[in-house]
Amino acid sequence: MKTWICLLLAATAAGPHLGAEGTGTGAALRFEEVGAQAGLRHIHSTRRFAGKHADVLRMFTSGGAAAAVGDFDNDGLEDVFVTNSDNGMPNKLFRNLGGFRFSDVTAKAGVAGGNDPNSIVADALWFDYDNDGWQDLLVVRFGTPLLYHNDQDGTFRDVSSASGLDRFANTIAVIAFDYDRDGLLDLLLGHYFKDVNLLDLKQRQVLPDNLDNAHNGGGVGLWRNLGGGRFEEATQKAGLAEHSGWTLDAGHGDFDNDGHPDIYLACDYGTDRVFFNKGDGTFRDATTEALGGFDTKKGMNAEVADYNNDGFLDVYVTNITDEYMKECNMLWFNNGDGTFTDLSKETGTCDTLWGWGAKFADFDNDGWQDLYAVNGLRSAGEKNYIPVLFEMIITPDIDFSDVANWPDIGQMTWSGYQKSKLFRNLSGEIFRESSAQAGVDNDLDGRGVALADFDRDGRIDIYQTNADQPALLYRNTTTECGNWLALRLVGDPRSAWKGMRSSRDAVGARLSLSVQGQTLVREVQGGNGYSGQSSKIVHFGLGAAQKVDSLQIRWPSGRVEAVEVPLNSFSTILEGKGLVRKMPAETSDGRD
């Protein structure tokens, strides 16, 4: 059956303004889980270790269930790469066929590998590192990274050995951004453990040396893109080498609106970090003044968005709230002066239990970005691990870093069976938890969240990865939703603007849209959010508004352009050329 429900209701919705809920109608968010019938039902497996410390090491490496969304074949449909982590288990590449159908093309593409006896796959990222217009693939591991070049025929070529990305590290997170604005996408790798091979353990002191303020983690690695497929490490030169925390996620965004991308690091077992880009190839650690001091929480996720439409990018960090730790998440409201204030309690986004990935998106196209978060560490037997663990914690003079001191978990549950959370944004003031009503309150052990409009109907869908469990694909079936814009930005790396250039992916480009007295801000992101890369297509919900007053793009090169684009369509914007292509939304619901 042909349908265009979202557009029809947007056109007839009452009210000329951006509504607080569903174009002012109060309609409910709705999703349908369709992973199996869509052909996107991937089951992740964590790494199994040998030896007497196997149980504990497996717990500490139970992340790694990641997904990356990108259009690898340039057909206009978003494809999905999903990781695996156990020895010999393949990663998967699923090609989007349209109509919410996917095909496993891993074998032809040649991107299954990475989980060998000495390496554990942990995250993945699509980025066009050579600006040839095709998405390349980076797979990061507890080991050395794998870089795959897109050969433009559905296959990929392993170019890792020639890339310079040869440093061993226990990498759990990666983002691509152009920190020096030379038109080439650089890489920031977040390392969890220090650089010891957990699969060939030579020492037992590999775990955090302090549960609240550990300094024996892996820190980060910044890799500058030199062009020609080569990268060089720039961590020390850029001023990031002193960070030795247990990095779980990294997010980028222009926090101070000066045109240069800044960094937020979410760190387990110790304080998060904020680094402001000085514009000369280096960063300044601004943690103390920006966050008001140092925290002792367990930062898991770094998501960046302007949740209240004030023109400044805010940061959402998930932490742990369970029987033992009552940390509360952090929603860092950007004060616009280089400082942030945590408003998680005031906005109702404080508690997501044992939090992992979380992403902002305007799921009902009302002009306000909602928030989806996944939770839960390990769901197993009836016995609870926390009381057992607590006995270790209260032991005097215990060495937390010694893996032998941690009790085996066996079949016990540790903060498991926790439901995912969907927070609906009510006009940027507060959020209302709506997961059960929306149909997304699963209790799997969530890890990553990757968002995209997979069927091109103007509604953002959700792909959720889970540790040792099947991934979930939630199709957005919200009926009463607003008008919208979807924009793919293409930078021009050949054209310099005051000495700066844009990458072809245009990561870091800022879009400012004025509509009905409000300004909505988005930036093209390069992988923010734990274990989940979302689409680089920029999505705006417009509520009942029938026109846009203005749309301005500040490219990474610094060039500023005003463009006009049609509502309820997918538009491609080329730097310096404006609108070069427009496509209406798909009119099929994929079930005919």
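Is Phe360 buried or exposed? Phe360 is buried, with a relative accessible area of 5% (buried means under 20%, exposed over 50%, partly exposed in between, using a 1.4 Å probe and protein chains only). Phe431 counts as buried too, at 6% relative accessibility.

A quick word on the source: this is a predicted model, where local features need pLDDT of at least 70, side-chain atom pairs count only at pLDDT 80 or more, and totals for chains, interfaces and linings use all residues. Residues are numbered from 1 along each chain as its sequence is written, and side-chain values use heavy atoms, leaving out hydrogens and water.

Now the rings. The whole structure holds 29 aromatic pairs (rings of Phe, Tyr and Trp, the last by its six-membered ring, with centres within 6.5 Å; planes under 30 degrees apart are stacked, over 60 edge-to-face, the rest tilted). Here are two of them:

| Pair | Centre to centre | Plane angle | Type |
|---|---|---|---|
| Tyr192 and Phe193 | 5.3 Å | 90 degrees | edge-to-face |
| Phe360 and Phe431 | 6.4 Å | 50 degrees | tilted |

Phe360 sits in strand 22 (residues 355–361) and Phe431 in strand 25 (residues 430–433), so that pair links parts of the chain 71 residues apart (strands are DSSP E runs of at least two residues, numbered from the N terminus). Tyr192 and Phe193 are both buried, and they belong to one aromatic cluster that also includes Trp246 and Tyr269.

Tyr269 turns up again in the hairpin of strand 15 and strand 16, where this turn residue has a positive phi of about 55 degrees. Five of the five residues of strand 16 (residues 273–277) are buried, so the strand is largely enclosed by the rest of the structure.

Note on methods
Helix = DSSP H or I, 4+ residues; strand = E, 2+ residues; numbered from the N terminus. Pairing = 2+ DSSP bridges.
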